[in-house]
Amino acid sequence: MKKFIYADNAATTPVSQPVLEAMLPYLKGEYGNPSSIYEKGRRALAAIEEARRQVADALHCKPREIYFTGCGSEADNWAIKGAAMALYKKGKKHVITTVFEHHAVLHTTQKLEKLGMEVTYLPVDENGLLTAEDVKAAIRPDTALVSIMYANNEIGTVLPIAEIGAVCRQAGVLFHTDAVQAVGNVEIDVQAQNIDMLSLSAHKFHGPKGVGALYIRSGVRIENFLDGGGQEGGHRAGTENVASIVGMGRAIELACAPGAIAKKHDHLVPLRDKIIAETLKLPHTRLNGHPTQRLPGTINISFEGVEGESLLLMLDLAGIAASSGSACTSGSLDPSHVLLSLGLSHDVAHGSLRLSLAEDITAEEVDYIISSIPPVIERLRAMSPLWEKIVKEEQAGA
Amino acid sequence: MLYSDKVLDHFSNPRNVGELENADGVGEVGNAKCGDIMKMYLKIDDGIISDVKFKTFGCGAAIATSSIATEMIKGKSIDDALQLSNKAVIEALDGLPPAKIHCSVLAEQAVKAALADYYRKQGVDPTPIVGAIEDCDACH
């Protein structure tokens with residue numbers, strides 16, 4: 001059988017067996033509409049309420065603070081547009097975010113700018129970090145919302161969310177975080193971390209695609225994003241995707257079970273760091289993202305003189321599924337905005353590789369990845385006129 | 001992004017990779033900012049392209065278009081090589097995804113740039129023969 005190592009878990013994860021089993025009844029016999037009054041409907045309603053409790057337990061909030069959505073992008077759109085619409089009427093027309101958010105946030109804030117709001121895009125340092133002080137300095141009397149991602153999808157840097165939350169709470173400004181990459185990878189406590197709104201997506205932690213959720217702290221009022229029927233407490237219309245919601249509940253229960261995240265870190269961090277250390281032995285390579293404040297399974301390395309897509313295709317031939325920056329931008333010719341935000345030049349940004357490991361990866365698979373990268377890099381560099389230039393310049397300088 | 005088998009074949013087994021010492025014409029097009037650089041080396045004997053090599057920094061399509069372009073001009077006359085169009089490169093590869101059409105333009109331009117260099121080395125102004133070699137407009 002052809003070798004296949006899936007190292008793109010930041011793009012999506014496989015649905016796990018227990019999640020599939022939890023979902024199956026709602027794809028077969030349990031077809032009731034949760035809004036229906038009879039027993040079949042009530043059973044569907046009970047199932048989504050159980051999932052709501054499972055999500056709430058994982059985030060340390062109340063079930064009624066969880067609203068199911070169609071995906072993580074919808075949760076981001078709703079949080080930002082909903083807060084902006086609610087607060088614009090009160091004269092608050094300023095939003096703070098960062099330059100390296102996911103496009104679900106960036107394109108949403110750009111839409112707000114077109115509608116007359118002002119947006120501050122905070123820069124990040126060479127490791128993809130910013131401080132709570134940076135956020136504090138950007139807050140104005142008319143700031144409606146701060147939206148800063150929990151962990152970056154491309155480079156894996158984990159931001160100081162608790163500190164940023166404290167600053168926002170003290171200033172009386174709403175704080176939203178896109179935690180799509182963070183859930184199941186880091187311990188989240190929305191109360192202790194002063195988070196007002198948090199977006200998550202099931203398929204990043206072995207749940208199904210097509211379902212996400214938005215946590216909205218009770219007392220926070222934002223405008224609806226999807227108007228219609230009375231589902232989700234009248235705040236998100238549309239007949240519930242029962243099976244997927246049930247799957248999301250089971251998936252988060254497993255991902256965030258007591259000890260599960262610590263166990264994941266114990267297994268993945270040494271393997272992640274081994275890949276990083278071994279790969280950086282190649283000349284003209286660079287680790288992108290913070291060396292320690294990063295997601296346990298996410299690695300991002302730039303190889304000078306090599307273009308990312310060729311690298312991915314070569315690794316695919318070797319049976320390794322990886323990514324170059326965000327898969328959402330793979331249709332574009334421009335290098336990743338995240339890598340450019342770290343100060344990388346365009347040509348270096350073009351040659352990046354993201355590996356994102358799952359908890360079940362083995363030491364043998366990691367060794368295979370480590371041994372597969374150098375020959376691919378050497379082969380591509382041997383045919384690269386850009387690499388030729390880099391070597392010549394180095395020889396001239398030496 | 002769906003590549004044809006032909007593209008994947010030329011990407012994974014590129015033909016005529018390398019450099020030619022004492023090449024009669026060398027052309028380089030594209031830039032690192034766009035993420036594509038193609039460099040083409042030609043050996044020309046009696047108006048025939050007797051040998052050709054290339055080096056490319058770029059995506060799978062960039063490598064495949066350079067590879068097939070070298071096959072399409074090797075052993076051909078200069079006049080034939082000047083006729084090589086990006087459309088012919090796309091057809092020979094059984095198509096390219098829309099976002100990668102610019103790679104075929106780059107391959108055509110790389111051949112023309114190498115021929116222009118050949119003419120310059122002969123003391124002939126290449127512009128009336130080869131035409132203007134424009135940078136690809138994909139990233140402007």
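Start by selecting A:Ala104, A:Val105, A:Leu106, A:Thr108, A:Thr109 and A:Leu112: these are the buried residues of helix α4 in chain A (buried means under 20% relative accessible area with a 1.4 Å probe, protein chains only). The model is predicted, so local features need pLDDT of at least 70 and side-chain atom pairs pLDDT 80 or more, while totals for chains, interfaces and linings use all residues. Residues are numbered from 1 along each chain as its sequence is written, chains are lettered from A in the order written, and side-chain values use heavy atoms, without hydrogens and water.

Now show all of α4(A), residues 103-114. Its 12 residues reach 16 Å from first C-alpha to last. Just after the helix, click A:Gly116, where phi is positive, about 105 degrees.

Next, bring in chain B. Select the 29 residues of chain B in contact with 23 residues of chain A (contact: heavy atoms within 4.5 Å). The two chains bury about 2,000 Å² between them, 65% of it on carbon and sulfur atoms (accessible area lost on being put together, 1.4 Å probe, summed over both). Which residues of chain B lose the most area to chain A? Pick B:Phe11, B:Lys55 and B:Phe57, together 29% of what that side buries.

Last, zoom to B:Lys39 and A:Glu388. Their side chains meet in a salt bridge, 3.1 Å from N to O (Lys or Arg side-chain nitrogen within 4 Å of an Asp or Glu carboxyl oxygen). The count between these chains is four. Color α1 (5-12), β2 (36-45), β3 (48-57) and α2 (60-73) of chain B: each gives two or more residues to the side touching chain A.

Methods. Helix = DSSP H or I, 4+ residues; strand = E, 2+ residues; numbered from the N terminus. Expected span 1.5 Å × (residues − 1). Buried < 20%, exposed > 50% of the residue type's maximum accessible area, 1.4 Å probe, protein only.
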